[in-house]
Amino acid sequence: MLNSKRDPLLDRAAILAKKRDFENAYKILRGEEDRYYGSFKYYQLSGIISLYSGNYVESHEYLQLARRIKPKDKWTMLGFAVHYLKRMKTDQAVDCYLDVLETDPQNKIAKYALNVIRKHASPDNLSDWISIHDNLVKLFPPIPSPLLNKKSITNFSLALAVSIVLVFGFLFITNAIQNPFRFRSQRPISDYFLLPEERLNPVQTAGFFLYILSPDEIISLHENALAYFAGYRDERAKVLLNKILRSNASEAVKNRANLMIRNMAVPGFDTFRRQDNFTMSEVRAEPALFENVHVIWTGMATNVSVTDTHTQFDLLVGYDTRITLEGIVPVIFNIPVAINTDRPLEVLGRITLMSITDIKLEGISIHQAGRL
């Protein structure tokens, strides 16, 4: 597997692992965990190397993190399938292999694994096959490693860059396609600036407010929210704007906040910024700050009700590993959705308040391996 962007440290760990020096490869990765927070490549590599080293607990944790970033990555799914087979959960393993074959119909590991499962159908036979000569390692995903030397990568990158500049430059000039960089840099923000008089009087005194803020705090919240908004980090901006809307900020400032919120985009799984995802514990601590904020939460579905017009269920947040339950939240989709209650799922939803302390999710999208 060749990554488009090389990382010397990750490559060094991968090379050591290819030489079966798993101990030193693992030390390299663990020593840089903070630096690679939120990195799919780091989580994927750590999960696979941990698998080869026999550290199944660490492997499952890292692959879980990788899967939350890229749910359909075939190497991660192959790793998950191994964990399921080790626990004799063949149904879930088969689902993983079928997901792999959806994106890579010729994947040899997935084909071989499905053949093994068919041939050794009973748990006893499959357990015997796994224990003989440690056969499970035959189903491990390959360790990522650089396939090109530095000189080849450099030459290829230069040639590719020149080609892209020439082709896309021509297309931009002829208006055949819109320049995405120009579009992204031109998200209009001038309409949301506070006018001088609004900055001089950003507070109001009459009324009931959840948050009592100073003029400097209100202006700071607005400016920080505007910075997040300009950088397309809408969910984090929305939290700051919610605080303004529930505070003693003036009506003019609140109008700016509402205008900004109305012009935010609804994210999908492919555009949602995982670094701006909020945990259920964060939301439970101050629900009012998270109204209309989008989150992606993973768990299991229960109490499912599906009609011709809607789907409703309770999401057991964090219980996808069957170990930790962070909490339970109602989820409502305004369309019928097929839900498998035996398998983990990810829900992208909008937080809404049912009361001062209770929340629910308005479903936007859902991912459940093997179905989507």
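**Entry 1, strand β2.** I looked up how enclosed β2 (residues 311-317) is in this predicted model: five of its seven residues are buried, so the strand is largely enclosed by the rest of the structure. Buried here means under 20% relative accessible area, with exposed over 50% and partly exposed in between, using a 1.4 Å probe and protein chains only. Strands are DSSP runs of E, at least two residues long, numbered from the N terminus.

The model is predicted, so to speak for the notebook: local features need pLDDT of at least 70, side-chain atom pairs count only at pLDDT 80 or more, and totals for chains, interfaces and linings use all residues. Residues are numbered from 1 along each chain as its sequence is written, and side-chain values use heavy atoms, without hydrogens and water.

I checked both sides of β2. With β1 (residues 294-306), β2 pairs in the antiparallel sense over six bridges; two strands count as paired if DSSP finds at least two bridges between them. A hairpin of four residues links β1 to β2, and Ser305 sits opposite Gln312 in β2. With β3, β2 is also antiparallel, over seven bridges. There, Phe313 has Val331 of β3 as its bridge partner.

Next I went to β3 (residues 327-333) and β5 (residues 359-367), which run parallel and share two bridges. Ile332 faces Glu362 in β5.
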